[in-house]
Amino acid sequence: MRRRHVLPLLWWLADSVTSMSEPMSPSVGLAVVHYFCKPSFEYDGEALVAAVKAAEGAGVTVITVAMLGHKADVAVMGVAADMRQLKALQTGIQHAGLDIVDSYVSLTEVSEYSKGMPEEMLNARLYPQLPPAGKNAWCFYPMSKRREHKDNWFTLEFDKRKVLMEEHGKSGRTFAGRIIQLVTGSTGLDDYEWGVTLFGVNPDDLKEVVYTMRYDEASAIYAEFGAFYMGMVTPVEELIHQI
Amino acid sequence: MRRRHVLPLLWWLADSVTSMSEPMSPSVGLAVVHYFCKPSFEYDGEALVAAVKAAEGAGVTVITVAMLGHKADVAVMGVAADMRQLKALQTGIQHAGLDIVDSYVSLTEVSEYSKGMPEEMLNARLYPQLPPAGKNAWCFYPMSKRREHKDNWFTLEFDKRKVLMEEHGKSGRTFAGRIIQLVTGSTGLDDYEWGVTLFGVNPDDLKEVVYTMRYDEASAIYAEFGAFYMGMVTPVEELIHQI
Amino acid sequence: MRRRHVLPLLWWLADSVTSMSEPMSPSVGLAVVHYFCKPSFEYDGEALVAAVKAAEGAGVTVITVAMLGHKADVAVMGVAADMRQLKALQTGIQHAGLDIVDSYVSLTEVSEYSKGMPEEMLNARLYPQLPPAGKNAWCFYPMSKRREHKDNWFTLEFDKRKVLMEEHGKSGRTFAGRIIQLVTGSTGLDDYEWGVTLFGVNPDDLKEVVYTMRYDEASAIYAEFGAFYMGMVTPVEELIHQI
Amino acid sequence: MRRRHVLPLLWWLADSVTSMSEPMSPSVGLAVVHYFCKPSFEYDGEALVAAVKAAEGAGVTVITVAMLGHKADVAVMGVAADMRQLKALQTGIQHAGLDIVDSYVSLTEVSEYSKGMPEEMLNARLYPQLPPAGKNAWCFYPMSKRREHKDNWFTLEFDKRKVLMEEHGKSGRTFAGRIIQLVTGSTGLDDYEWGVTLFGVNPDDLKEVVYTMRYDEASAIYAEFGAFYMGMVTPVEELIHQI
Amino acid sequence: MRRRHVLPLLWWLADSVTSMSEPMSPSVGLAVVHYFCKPSFEYDGEALVAAVKAAEGAGVTVITVAMLGHKADVAVMGVAADMRQLKALQTGIQHAGLDIVDSYVSLTEVSEYSKGMPEEMLNARLYPQLPPAGKNAWCFYPMSKRREHKDNWFTLEFDKRKVLMEEHGKSGRTFAGRIIQLVTGSTGLDDYEWGVTLFGVNPDDLKEVVYTMRYDEASAIYAEFGAFYMGMVTPVEELIHQI
């Protein structure tokens, strides 16, 4: 409902630079925000392009997605060291006349079960190169581990959890090449414990990997899922003509 | 809330064609989106007809439904190989002044329990001919299989699941002729694991088949249902005068 | 949000008659829709009266209710053989400037436990005479039978269910004369399996019957309830001055 | 969203008197509605004062509360023999430009465990004198008794329930003088089975009584709570300047 | 939806002072309200600064936070002895054109497990000095203790609960220096039993402390969490240029 006539985007961009607070960054890795948006009355495609370009100029990796279904028409995924720059991207999107109707805040991380990996693999998780080329089928969902009576992930021993996660990882790796997966941590930051972003070639790749892994014990018994978002990675200059 | 004065429909149609991204299709089968809509201030029936015709011209099968109840006044079900064309249908609906208030994204599929079927039956599931003639009582609902303690579908052995699904299928086939059913997969794409679309002659056919099958063990113990949508298949040219 | 200036009610009434699709009726019994409404900016009481009269003229039984509380200001309950006429009532309500904020779609039915009843009693359920005179305290709620672990109605044997339903019916009949009850089936048509409409003399009759029956095993263990709506049956000509 | 220009309040007051339907009252006790409100664009404080005064003139006890938090800015609690007068209060609030965003409908009652009380105490429950002087810390919440597997209040024997309720009552009476409690019944009328309204001197009295009683078996095992509303009883003439 | 033209902020400030009701304070400790806000059409940054300054002048400690994600753009946390002043802050925020879309009402407290602490530590909980310098990574979430079958906190003996809470406290103290935590009680006042506010240096401090403590038995088995809010503490004069 924020209206551009309150403060035109370019003025706001100039204004916000001078009033930018000191950076807020995780001590390792990057901050990630997924924004799910619908155009309001005052949607201005060119202003959206400008907001994305301004964020990229400030060091934010931005992925734009044409979304299917009523939950959102556009998704904008921002990845950056400085959360203040992600907040600026958020406000830029809003000043371009998009209402942000859902979102997810998380941080890249190396899970406690993967600490021993080679540094190159650790860095691929902490500082991922996005988006992966040619994988434009995109989905996002948040998830937590269950805490119900006997089905309580958080009362399992570490060793048991490690076994389950390795089994789960092995199941996922059978999709290597077809699917790129990014799991980011959000305990204390958003409503679930992790956010999962998938990139695939075809939409049935997304369906098959999630369906297959649901039979893994780590998912079958211990996973709880939030809403699923599906769309197609699309350059922002094209996307603005598709909504 | 997207308003047509932002971009009149015909301009947008012309504009979007030139900026259409490359196709996004499942490797087998078709993509399906169910749109549930309410007219906004700027509802324009003729523009809705034009959007449907444009989609049909681009190879999308479109079914339009006059809906009963507050959840939606109109449903538009689109089936196509290319998800980009379904996105274009989505935007066309919105530019005609309909708000999309709910939706469901899925893919046609052959379930793992039906792989051995004759090719003609496989094709009927992957490439269904819709709508079935004379079956204008229509309903849609999404569903998942339960994962609760002992009632966990995903920890059952394949053979047990196959037996339960065959029993369920047999129960459904007693409604052959009265009901056409389309089950499409959505794991990873939308909030439930499947979408179910039913076409019947009379509305009590829809009620009887769902009620009867609820006593099947596969449903009684293992099914979880989302919202149920009910309406009457109606040609778009008539439908626009009924809302 | 549909606005009358899009199409004035009388024009719409004329227009919709000529474009009315062929009837859609259950093979036995009647279709029922409960509409729960709030006036919008463009609420027009006289148009609401006209929409109700038009529906009655087309064979729809219409009951109008002044509602207490935030969930709705007005309820309109329509009962008809032809669902197309209920859709026309729905659109008439909307064109009178009422927003339909909740609703329930169901069919009159004879339950599987009551098939042996005398035909007169069967007809009273399939073709009820409404509203009952002098019973203006009104409530509606949807309900389903529970499917949870051991408390699973749908895995009980028919004979056990029949005993429980007869016990439940006996409990209800102690309110004969004070309460008229209409139970309509909605499996596959709306989010619960049944809708329950009660008519009583005093509002505490409604409270006492529902409270008392909650201790019946069929309710205590197996019932799940949706939202409860309470109001006062009121002729539409009076009602329009009370909102 | 109802707008005063549809019908100015004073006209509506005059108009509604002449079209008032016959009274609708419980056979014993009083009807109670809690309205939780936010001012709309057209909020008119003087009209709110007039609506409250009109209701009081018609025999309704009205308590107005300045609310803390986003759920509501104002609460209006009405108690009356005739529900038609509470509906008139509801409409008066709306015509004063307040949106009613939540509410609760209930009846005063003597619980089945308290039937033997002296008539004076029975009357204090059926016909309470409100508001209690000097107790301006106010809260409201709805509650039901649990029906889950072994924790099912409605399958307990009456004697067991009576013991639990007496224990619960004894626990509550240690707050006598600090807290006035009103428990009203709503089974069949609204979404929970009871509404609880508390009046205290200090806000920590409200917190302490609810926290302490949560350890009673009747609450610890068997209670399910809805939303909690907290505010400060305030004369309507002052309240209209505080929102 | 309250609009400033109903009553300009300065007039309202003057007006509300003269009509302020008598104070409403807890008998010990302070009242706390967290407001989560989005700018409306009529957002006026200078008016927000004025509202914050007016509250501070009246003895309210005010912390302003730039929020990430769709749930809120701004959070305003007010701490004061007099709840009437927090209500005035609430109205001031609204008159500055911010819609309050979520909130939490609570009181500072010393838990029953910590009564024996030195008075200085008791006072730090009842009368906290906020915000802590240099800890601008901020999050808030509400929580309750579980009451499910065997996992029922409220049927545990006091001694068992005390052991669990001490273990939980020890786990939390390993984050001393990195995290400042404020736990405030809300039973009877808001929907959960406690509100938790965390201040850290880096956002991964917030994530790590909540993730680590989730494995404590007191959380793993007995905690239920509401929505998580994450943002960056920011002086109001800077914040108004960032939204």
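How many residues of chain B are in contact with chain C (contact: heavy atoms within 4.5 Å)? The count is 46 residues of chain B, against 53 residues of chain C.

## Basis

This is a predicted model, in which local features need pLDDT of at least 70, side-chain atom pairs count only at pLDDT 80 or more, and totals for chains, interfaces and linings use all residues. Residues are numbered from 1 along each chain as its sequence is written, chains are lettered from A and ligands numbered from 1 in the order in which they are written, and side-chain values use heavy atoms, without hydrogens and water.

## Chain B against chain C

About 4100 Å² is buried between the two chains, and carbon and sulfur atoms give 54% of that. Buried area is the accessible area (1.4 Å probe) that two parts lose on being put together, summed over both.

The interface of chain B and chain C holds four salt bridges (a side-chain nitrogen of Lys or Arg within 4 Å of a carboxyl oxygen of Asp or Glu). B:Lys71 and C:Asp191 form a salt bridge at 2.7 Å, N to O.

## Domains of chain A

Chain A has domain 1 (6-108 + 235-239) and domain 2 (119-231), with bounds from an automatic or database domain assignment. Their C-alpha centres lie 24 Å apart. Domain 1 brings 24 residues to the contact and domain 2 brings 27.

The two domains of chain A bury about 2000 Å², 70% of it from carbon and sulfur atoms. On the domain 1 side, A:Lys71, A:Tyr104 and A:Thr108 lose the most area, together 28% of what that side buries. Salt bridges between these domains number zero.

Key: Contact = heavy atoms within 4.5 Å.
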